[in-house]
Amino acid sequence: MDNRPIGVFDSGLGGLTAVRELMQVLPQESIVYFGDTGRVPYGTKSAETIRKYTRQDIAFLKTNGVKMILAACGTVSSVASEIGDACGLPFTGVLRPTAEAAIRVTKTGKIGVIGTQATVSSGSYERHVKALDPKAEVYSCACPLFVPFVENGVIAPEDPMVRLVVERYLHYFDEKGIDTLILGCTHYPILQESIAAVMGDSVTLINSGREAALHCVEMLRENGQLCGEGASPCHQFFVSDQVDGFQSMADICLGHAVDAAVRFIDIDRYPA
């Protein structure tokens, strides 16, 4: 039994989709969330910059006494997972559980991946999928505008700009014959309705945030770190830029109103 909170971080607010899944599967657990809104997006940054940010994000969460850390960020999971593995706490990104889910679901072995430029360039999802099934065919497409759209609240399926950009990116998969599509960034489930409309019913979408949350359950159970029965969860939210606008975006990502205040932290105070 361990009543310490779970630490979660992302480049911005998209990681709240993973927090939403955690709240559903582990309703008794407390969560400390950090969204690096002052430096979003990570996906356009160099590998060394992403590693620097990852070290600082983890350092901040550790000051809050967390018992494990979830990097709810496809970019960090792809480029800087070794930093999390060495942080001294149970750690997971989104790659492994998402790749495992895709392999379970696919019937044709043809799997698509959408992610940030850094994630796609790293080839990380392809390596994880092929490690599980060497015969799998993996097709990856970078969708760099998706994160800015989500962070700025441009998400309505009926918005012609959203529809146009989603169609333009996903056109890449038209002749690939995929039956499974990995949403390789936790921002992307916010656009899931638009993505599903373009891909059609024959393609199953894999939500990396949900798969990572389910993996957290397994890790905590194996380590004997689940909260005790009857625990009252306490959720804390932190950002590295203005707190204005957090409430509306958090409500969208979490699917319900946030009943806790969001606080600003100066992430540059933490060691890189």
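Visitor: Which residues of helix α9 (residues 160-170) are buried?

Guide: This is a predicted model, in which local features need pLDDT of at least 70, side-chain atom pairs count only at pLDDT 80 or more, and totals for chains, interfaces and linings use all residues. Residues are numbered from 1 along each chain as its sequence is written, and side-chain values use heavy atoms, with hydrogens and water left out. Buried means under 20% relative accessible area, exposed over 50% and partly exposed in between, with a 1.4 Å probe and protein chains only, while helices (H or I, at least four residues) and strands (E, at least two) are DSSP runs numbered from the N terminus. On that basis the buried residues of α9 are V162, V165, V166, Y169 and L170.

Visitor: How wide an arc do these residues cover around the axis of α9?

Guide: The buried set runs from V162 to L170 and includes Y169. These residues lie on the same side of α9 because the arc that they cover, taken from the directions from the helix axis to the C-beta atoms, is only 120 degrees.

Visitor: Which elements do the buried residues of α9 pack against?

Guide: The face turned away from the buried side of α9 carries the exposed residues P160, L164 and R168. For the buried residues, where contact means heavy atoms within 4.5 Å, the packing partners are β5 (110-115), β6 (137-142), α8 and α10.

Visitor: Which residues does S194 touch, not counting residues up to four places away in sequence?

Guide: S194 is found in helix α10 (residues 192-199), and at 6% relative accessibility this serine counts as buried. The C-alpha atoms of S194 and E167 are separated by 8.8 Å, although the two residues are 27 apart along the chain. With residues up to four places away in sequence left out, S194 touches P157, V162 and V166.

Visitor: Which residues have the most contacts inside the largest nonpolar core?

Guide: A nonpolar core is a set of buried Ala, Val, Leu, Ile, Met, Phe, Trp, Tyr and Cys residues joined through side-chain atoms within 4.5 Å. The largest such core in the model has 69 residues, and those with the most contacts inside it are L16, I114, F146, L181, I195 and F237.

Visitor: Which helix supplies the largest share of this core?

Guide: The core in question is the one of 69 residues. Its largest share, six residues, comes from helix α11 (residues 208-222).

Visitor: At what angle do the axes of α5 and α11 cross?

Guide: In α5, R96, P97, T98, A101 and R104 meet S208, E211, A212 and H215 of α11. Axes are lines fitted to C-alpha atoms, for helices over the stretch in contact, and angles run from 0 to 180 degrees between N-to-C directions. The axes of α5 (residues 95-105) and α11 come within 8 Å, and they cross at roughly 105 degrees.

Visitor: Which elements are among those covering the buried residues of α12?

Guide: In helix α12 (residues 246-254), the buried residues are F246, M249, A250, C253 and L254. They too lie on the same side of their helix, because they cover an arc of only 120 degrees around the axis. L16, for its part, touches F246, A250, C253 and L254, among others. The elements covering the buried residues of α12 include α1 (16-25), α8 (146-151), β9 (235-239) and β10 (262-264).

Visitor: How many disulfides does the model contain?

Guide: A disulfide is a pair of cysteine sulfur atoms within 2.5 Å. The sulfur of C143 is 4.3 Å from the closest cysteine sulfur, in C141, and is therefore too far for a bond. The sulfur of C216, a residue that is buried with a relative accessible area of 0%, is 12 Å from the closest cysteine sulfur, in C87, again too far for a bond. By this rule the count of disulfides is zero.

Visitor: Which peptide bond is cis, with omega near 0 degrees?

Guide: Most peptide bonds are trans. P41 has its place in the loop between β2 (31-35) and α2 (47-62). The cis bond, with omega near 0 degrees, is the one from V40 to P41.

Visitor: How far apart are the C-alpha atoms of G14 and Y188?

Guide: G14 lies in the loop between β1 (6-10) and α1, and is buried with a relative accessible area of 0%. This glycine touches Y33, E151, T186 and H187, not counting residues up to four places away in sequence. G14 and Y188 are 174 residues apart along the chain, yet their C-alpha atoms are separated by 7.5 Å.
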